[in-house]
Amino acid sequence: ATPVLKGRLAATDARWNVISQSVDDRTAAERGDGHAGDARMAGEGVRRQNKSRYDSISCYIHPTSQSHNDIHCETDEEVRAMLRQEGLDEAICQHISHLFTRDPLVAFEGMIELDDES
């Protein structure tokens, strides 16, 4: 029901990339554009993120699915090492440490302090 994306005006008939790009919250540095990051962010806002949050699956955790982990998956190596040291298996370590490569999006009421002075 989207003629623009059925090959008539755009060179694609899938909406996935359009949806993914519309909610892409990566910084320019995370996209690989080489700009300065932000020290307040996970990975200081400069860790390369190959995909938007709203994109395809980055890694599988089921033991029989490990052969499908054939693409690069960004991980927070410090978190990954800590999890391995605690005895978690590699698939779980990869999955959890991948979650820590980005800042969280959730903001609860009362947990944000507004500073109108600076």
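Trainee: Which residues line the largest pocket?
Mentor: The largest pocket is lined by K51, S52, R53, D55, S56, S58, C59, H95, H98, L99, T101 and R102. A pocket is an open set of points on a 1 Å grid over the protein atoms alone, where a 1.4 Å probe fits, with protein on both sides within 12 Å along at least five of seven lines, and lining residues have an atom within 4 Å of a point. This is a predicted model, in which local features need pLDDT of at least 70 and side-chain atom pairs pLDDT 80 or more, while totals for chains, interfaces and linings use all residues. Residues are numbered from 1 along each chain as its sequence is written, and side-chain values use heavy atoms, without hydrogens and water.

Trainee: What about C93, buried or exposed?
Mentor: C93 counts as buried because its relative accessibility is 0%. Not counting residues up to four places away in sequence, C93 touches R80, L83, R84 and L88.

Trainee: How far is C93 from A81?
Mentor: Their C-alpha atoms are separated by 8.1 Å, with the two residues 12 apart along the chain.

Terms used. Buried means under 20% relative accessible area, exposed over 50%, partly exposed in between (1.4 Å probe, protein chains only). Contact means heavy atoms within 4.5 Å.
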